[in-house]
Amino acid sequence: MNAAGSGPVRTGREEAEREELARLLPAPAERDVPSEPYLHHKDRLMQHIDDDQNSTPAAAPARPARRRLLRPALLMPAAGLALAGALAVTLTGGGESGNGSAQPRETAAVLLDRIAGVAEKTDVKPVREDQLVYVKSLMAGAELKEDGSSKLDPLHEREIWKSQTSKPVIKIGLIHEDGDYFPLNEGGPGTPAGVHRPTYLWLSSLPTDPDALLEELYRMTEPEEGHEKAQAVFDLIGDLLSENVMPPENAAAIYKAAAKLPGVKRVDDAVDAAGRHGVGITRTDKRASTATEWVFDRDSLAFLGERRYRTEAVGAGKKGDILEKFAVLERGIVDAYRERPGATTK
């Protein structure tokens, strides 16, 4: 009887003690999500970030470079998304320029996509096979010595006229430099249009799908000994952009293909050989300890030029040594050698 009646008495006393303890303890802090889900999503997010940073890209990447932290597969509740947003601001702010800004800024892939969009809408007059592409530029190159040292030549202007015929030709162009004219001649049976003599018609034949184009550029490129294959492709793209004219859809595709190369980065302030400041796209060849940097007008996003420099000391060569710099001053289409755009033949 006593045992049966003691149960309710003990339960009531325990309830009273529990209520008293609850009253004395501070109220728990409010959380958007429970602790375990929060930590789980945080761990997933950080793992994806680590995977991005530690992955080694293949020689010919099959997918485009992407802005980090924008992964549709990473589904989170509201608080998890807030955490991702806070981490995104922390990790993407500032970038290569080191300006210390806490605001996220566009990546190389996003910048190249904007440049491609402008290129695709640019009105380009088709170049006939009996015409010439004319480019006036400002340039300087360095002579490399066996000990690794280099000396940059003085800046000088250069004009070039490039044949646009598809058939093999011995005279592929003409250069005006240092007050003299020099024919660009090839021996043997002549050189047809192709990667080593890119004409408007040949450039128009390239794939306009960025993945297919990148695969084709890899196929056509053979790196020099001690250089990365991806860097050779990056440099080839720079050559195609610098002294040629191509259809808008091909220009757009080539920028989108460049965005797929591993290691491309955005530069906040890049300067061409003419001293013009703009935004840049750069890639470092870690095997050769050199970097190539393209410069674009900050407003129009037009290609201005490029430069190549050392990223590490090599022998007597110093980090930062300029190996080559180039700036496009004028580009056009003419009907004869020594003719300038808007002028008569001299």
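Tutor: A salt bridge is a side-chain nitrogen of Lys or Arg within 4 Å of a carboxyl oxygen of Asp or Glu. Please keep in mind that the structure above is a predicted model.

Student: What is the general idea behind such a pair, and how many salt bridges does a search of the whole structure find?

Tutor: Side chains of opposite charge can pair when their charged atoms come close. In this structure, the search finds 15 salt bridges. One of them joins the side chains of R340 and E159, with 2.8 Å from N to O.

Student: Where do R340 and E159 lie?

Tutor: R340 belongs to the segment that follows β10 (322-334), whereas E159 is in strand β3 (residues 156-163); the pair therefore ties together parts that are 181 residues apart in sequence.

Student: Are R340 and E159 buried or exposed?

Tutor: Both R340 and E159 are buried.

Student: Which residue forms a salt bridge with R307?

Tutor: The partner of R307 is E293, and their closest N and O atoms are 3.0 Å apart. R307 is in strand β9 (residues 303-310) and E293 in strand β8 (residues 290-296), so this pair ties together parts that are 14 residues apart in sequence.

Student: Why does R307 count as partly exposed, and why does E293 count as buried?

Tutor: The reasoning requires a cut-off: buried means under 20% relative accessible area, and partly exposed lies between that value and 50%. R307 counts as partly exposed because its relative accessibility is 24%. E293 counts as buried because its relative accessibility is 3%.

Student: Which residue forms a salt bridge with R308?

Tutor: R308 pairs with E324, and the closest N and O atoms are 3.9 Å apart. R308 lies in strand β9 and E324 in strand β10, so the pair ties together parts that are 16 residues apart in sequence. R308 is partly exposed, with a relative accessible area of 26%, and E324 also counts as partly exposed, at 31% relative accessibility.

Student: Which residues do salt bridges that share partners join into one network?

Tutor: The network consists of E106, R114, R266 and D268.

Student: Let us turn to helices. How is a pair of packed helices described?

Tutor: Two packed helices are described by the angle between their axes and the distance between the axes. Here, the axes of helix α6 (residues 210-220) and α8 come within 8 Å and cross at roughly 75°. Angles from 65 to 115 degrees count as roughly perpendicular, so α6 is roughly perpendicular to α8.

Student: Which residues make the contact between α6 and α8?

Tutor: From α6, the contact involves P210, L213 and L214; from α8, it involves A253, I254, K256 and A257. These residues divide into six nonpolar, no polar and one charged.

Student: Which members of the largest nonpolar core touch the most other members?

Tutor: That core has 50 residues, and those touching the most other members are L217, I237, Y255, L261, I281, W294 and F296. Helix α8 (residues 248-259) gives the most to this core, with eight residues.

Student: Which residues does I237 touch, not counting those up to four places away in sequence?

Tutor: I237 touches L217, I254, A258, L261 and W294. There is also a second, separate core of five residues, among them L132, Y134, W161 and L174.

Student: How many helices and strands does the protein chain have?

Tutor: The chain has eight helices and ten strands. Of its 346 residues, 40% count as buried. Among contacts between residues at least 6 apart in sequence, 56% join residues at least 24 apart.

Definitions and conventions: Residues numbered from 1 in each chain as written. Predicted model: local features only at pLDDT ≥ 70, side-chain atom pairs only at ≥ 80, totals over all residues. Heavy atoms only, no water. Core = buried A, V, L, I, M, F, W, Y, C linked by side-chain atoms within 4.5 Å. Buried < 20%, exposed > 50% of the residue type's maximum accessible area, 1.4 Å probe, protein only. Helix = DSSP H or I, 4+ residues; strand = E, 2+ residues; numbered from the N terminus. Contact = heavy atoms within 4.5 Å. Axes fitted to C-alpha atoms, helices over the stretch in contact; angles between N-to-C directions. Parallel < 35°, antiparallel > 145°, perpendicular 65-115°, else oblique. Nonpolar A, V, L, I, M, F, W, Y, C, P; charged D, E, K, R; others polar.
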